[in-house]
Amino acid sequence: MKTFPRWLGSGVGFIVLWLSVMSMPSVVAQTQGWSAPFRLSLDGTSWFPDIAADAVGRVHVIWSSLTLDYRMWDGRGWSPISDIAVALDPQGVPIDDVFRASIASDRLGYLNLFYYHLTEGLGYFRRAPLASAGVVKSWSMPKMIGASGTGYYSMVGVDQHNWIHAVYIDVPAGSRVADIFYRRSENEGETWTLPVNLSNSLRLGSSRPQLLVDQFDTLHVSWDEGWDRRSGEGTAQISRYVFSINGGREWSPPITFGSAKIPAAQLVVTGGQTKEQRVAVWRTVTDEAVYYQISSDGGQSWSPPTPIPGILPRPWNSPPFDQYTLVQDDEGTIHLILVTRRPQNENVWAVTHIEWNGQGWGTPETIFERSGLYPEYPRATIALGNQLHVVWFTRTALFTSAPMDVWHSMRMLNVPAYTPAPALPTATRVLATPTSRLIYTPTRFATPMAVPSAAPTSLDTGALLPLMMGVGAGTLAILLGLMVRYLNKPRD
């Protein structure tokens, strides 16, 4: 009996193995680096995304377009695009009106959503089962919880008690400029606390709020003061931060970053490896550097502002709507995602990742950089303990209606994965509406120093994947044909 030629068996085995690997989703195959950026949107009107992972490892993404769009990653592929909220004009025609939406998953099996209709200026809360969030009928009826016709930014978070926390901007009665407000629900969004003015900035506008809930259930809220998004008045001056260690019932005094002489913006703060640690990141408006400061005593004192090495911020007024994001993995490492620029060319921008290990910053990694595309507004989440997922949007031109799209990339982290919980706990409904209070005391300023430095480079090969798979499939077909022809030949 004849045996197969060695070259034929080896070639077929190699091609089958190669195609098996290449047919896997790129986010699984590329475990040593970032997956090829994948464009989630299709219509060219998509921007300002948000992302959340649930307890079983699914990744949920929303963004604003003519509707509020949604997609879900289940570990194998992306779901189709779903419209989960539609804004209509008085004639019932869809309008480009949903802005700054935010999502957070809970352990009760729901995805929680807070978003604004810009023309109404009103903030709405909705929720849907995690398994069917792509079905518009699964979402609860909108409940208005934010603003009185003057809202814009909004953020939502969920703690380990499944309490839902929301921050947003609103213009207080008798004021021309906005402040940052907070509300909380302890019963799955049924009732909410009365609004608490966290910034109370009087004649200075407040904007760009961030809300982070750390592993100790500490709530971290930061924002910029000086520039008012709603009225367009003022310029960026300082950033402020407050926190709550008791679920939003009481809040710390505002802590100030930057000064009127060296303005700070895009502040984001999260907890560290202990309850008392804090990590703050912010940028100067002068495009000089991105700074960090560390607190080891619960925010009472902070290290001097220090530039993050290898990082330069994108140009400030290009336009000034960007934000940074921080997430922490189970090993305590903090991951910073931000848009940076090249030192030799401020028009070349990149989505960049850099890690803080408790002692210092690692080497910056480029997630996305492409000529003619300007990335903005990165958001991040960690799934199953060891998958870092990032989304952002790109513009083809600044301050125009040029095409805009939402993108995704991920990488595996060098930490152990956890096993998803087999079941979600049942909800405990408490219909009483609690209250919160803000404690005010004077705070101090911190003045930075600027040291510009270099940034990394990148290579995007994602567009080659379909071509490589097609060539491989064709090669396999030829080899299989040769094999059949060989087997059909007469025996000796």
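## A buried arginine and its partner

Arg240 is buried, at a relative accessible area of 17%. The model here is predicted. Glu225 is buried too, with a relative accessible area of 2%. The side chains of Glu225 and Arg240 form a salt bridge, at 3.1 Å from N to O.

Side chains of opposite charge can pair when their charged atoms come close.

## Arg411 and Glu365

A salt bridge also joins the side chains of Arg411 and Glu365, with an N to O distance of 2.6 Å. Arg411 sits in strand 29 (residues 404-412) and Glu365 in strand 26 (residues 365-368), so this pair links parts that are 46 residues apart in sequence. How accessible is Arg411, buried or exposed? Arg411 counts as buried, at 12% relative accessibility. Glu365 counts as partly exposed, at 26%, because buried requires under 20%.

## A network

Salt bridges with shared partners connect four residues into one network: Arg314, Asp322, Glu376 and Arg395.

## Arg184 and Glu186

Arg184 has a relative accessible area of 0% and is buried. Its salt-bridge partner is Glu186, at 3.1 Å from N to O between the side chains. Glu186 is buried as well, at 17% relative accessibility.

## Overall count

How many salt bridges does the model hold? The count comes to 15. Among them are Arg184 with Glu186, Glu225 with Arg240, and Arg411 with Glu365.

Methods
Residues numbered from 1 in each chain as written. Predicted model: local features only at pLDDT ≥ 70, side-chain atom pairs only at ≥ 80, totals over all residues. Heavy atoms only, no water. Buried < 20%, exposed > 50% of the residue type's maximum accessible area, 1.4 Å probe, protein only. Helix = DSSP H or I, 4+ residues; strand = E, 2+ residues; numbered from the N terminus.
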